[in-house]
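Here is a friendly tour of a structure, from its loops to its sheet and its pockets. Keep the 3D view open and follow along.

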Amino acid sequence: MRLLVTAGPTREYLDDVRYLSNASSGRMGYAIVQAAVARGWEVVLISGPVEIAPPVGCEFHSVMTTAQMRDEAVRLFPDCDGVIAAAAVCDYKPHTRIEGKISKVGGPVTLEMIETDDVLAELGASKDHRWVVGFALEAQNPRENALQKLRKKNCDWIVLNGPQAIGSESNSVEFIAASGETVAHWQGPKSMVAADLIEWLDTHAAR
Ligand code: CTP
């Protein structure tokens, strides 16, 4: 099996020194990479900036912005059997990135933001025979929102988790198929949840 994983946050720059991002640690995605490598899979990891070292044994691609993650994902996906999109991608970016450093203006400022590329939706739209696993981080109507995301992004399965997953060592997830059926519930340290996910895919996902 050759697996593509996206992990960590992305950054969207306002100017050369300031950016918008989120609190993703990258732990869930990195745990998935480790579990897949341990199972003997080839793993290609595209990661935003995190504080943990790239897992030994994977092919590592470091990115900062959502556009860079998108470009790498589109380039690397065709050679893989499937993708697990664990990255906490920024949904918006400043309309323009200012060169240099924005100075204070002595009053409030307004920032115009535009949507970033949806990496997972683009991979889902071009998947052909490849399988696609998305993540959904939901605070309200979790199941309904996760299913909507699964369908919109043409995923085969989606991992539903809650905001408590952010920055935590552990996780509690519901794994949902495109039919809407809950395939499994997994909880515990992220390393164990990742191992359960990879074991399940090893049996059920096409290579
Ligand atoms: N995702 C992505 N590119 C984006 C946004 C999200 O690849 N620009 C992926 C994430 O890696 C995850 C899935 O899409 O696998 C769902 O991400 P999430 O942030 O929960 O959903 P959004 O589509 O961003 O919707 P919203 O933030 O409005 O809930």
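## Two loop residues with positive phi

D128 lies in the loop between α3 and β9; helices (H or I, at least four residues) and strands (E, at least two) are DSSP runs, numbered from the N terminus. The phi angle of D128 is near 50°, a positive value in a residue other than glycine. With a relative accessibility of 66%, D128 counts as exposed, where exposed means over 50% relative accessible area, buried under 20%, and partly exposed in between (1.4 Å probe, protein chains only).

N141 counts as partly exposed, at 47% relative accessibility.

## What you are looking at

This is a predicted model, in which local features need pLDDT of at least 70 and side-chain atom pairs count only at pLDDT 80 or more, while totals for chains, interfaces and linings use all residues. Residues are numbered from 1 along each chain as its sequence is written, and side-chain values use heavy atoms, with hydrogens and water left out.

## The sheet

Which order do the strands of the open sheet follow? The 8 strands run β5-β4-β1-β6-β9-β10-β11-β12, with mixed pairing; two strands pair if DSSP finds at least two bridges between them. β5 (59-62) and β12 (182-189) stand at the edges with a single partner strand each, so one side of each has no neighbour in the sheet. On average, neighbouring strands here are turned by 15° against each other, direction ignored; the axes are lines fitted to C-alpha atoms, for helices over the stretch in contact, and angles run from 0 to 180 degrees between N-to-C directions.

Several parallel pairings can be followed one by one. β1 and β4 run parallel and are joined by 6 bridges, with L3 partnered by V43 in β4. β1 also runs parallel to β6, through 4 bridges, and the partner of L3 in β6 is G82. From β6 (residues 82-85), 4 bridges lead on to β9, again in parallel, and I84 has V133 as its bridge partner in β9. β1 is mostly covered, with 5 of its 6 residues buried. Helix α2 (residues 66-76) lies across β1 (2-7), β4 (42-47) and β5, and runs at about 160° to β4.

## Residues to inspect in the strands

R2 is found in strand β1 and is partly exposed, with a relative accessible area of 21%. Setting aside neighbours within four places in sequence, R2 is in contact (heavy atoms within 4.5 Å) with E42, V44, E59, D79, C80, D81 and G82. Its C-alpha atom is separated by 42 Å from that of K101, 99 residues apart along the chain.

N171 belongs to strand β11 (residues 170-177). Is N171 buried or exposed? N171 is buried, at 6% relative accessible area, and its contacts beyond four places in sequence include M28, N161, A165 and W186. P189, in strand β12, is partly exposed at 38%. The C-alpha atoms of P189 and N171 are separated by 6.2 Å, although the two residues are 18 apart along the chain. P189 touches E169 and S170, not counting residues up to four places away in sequence.

## The pockets

The largest pocket has a volume of about 1,000 Å³. On a 1 Å grid over the protein atoms alone, a pocket is an open set of points where a 1.4 Å probe fits, with protein on both sides within 12 Å along at least five of seven lines, and lining residues have an atom within 4 Å of a point. Grid points are joined across faces, edges and corners, and a volume is the space filled by probe spheres set on the points. The lining has 39 residues, of which A87, A88, V89, D91 and F135 lie nearest the centre. The elements giving two or more residues to this lining are α1 (27-38), α3 (119-125), β9 (131-137) and α4 (142-152), and α4 gives the most, with 4 residues.

By class, the lining of the largest pocket has 16 nonpolar, 14 polar and 9 charged residues; Ala, Val, Leu, Ile, Met, Phe, Trp, Tyr, Cys and Pro count as nonpolar, Asp, Glu, Lys and Arg as charged, and the others, Gly among them, as polar. The second largest pocket holds about 320 Å³ of space. Its lining has 13 residues, with L14, I102, V109, T110 and L111 nearest the centre, and divides into 6 nonpolar, 4 polar and 3 charged.
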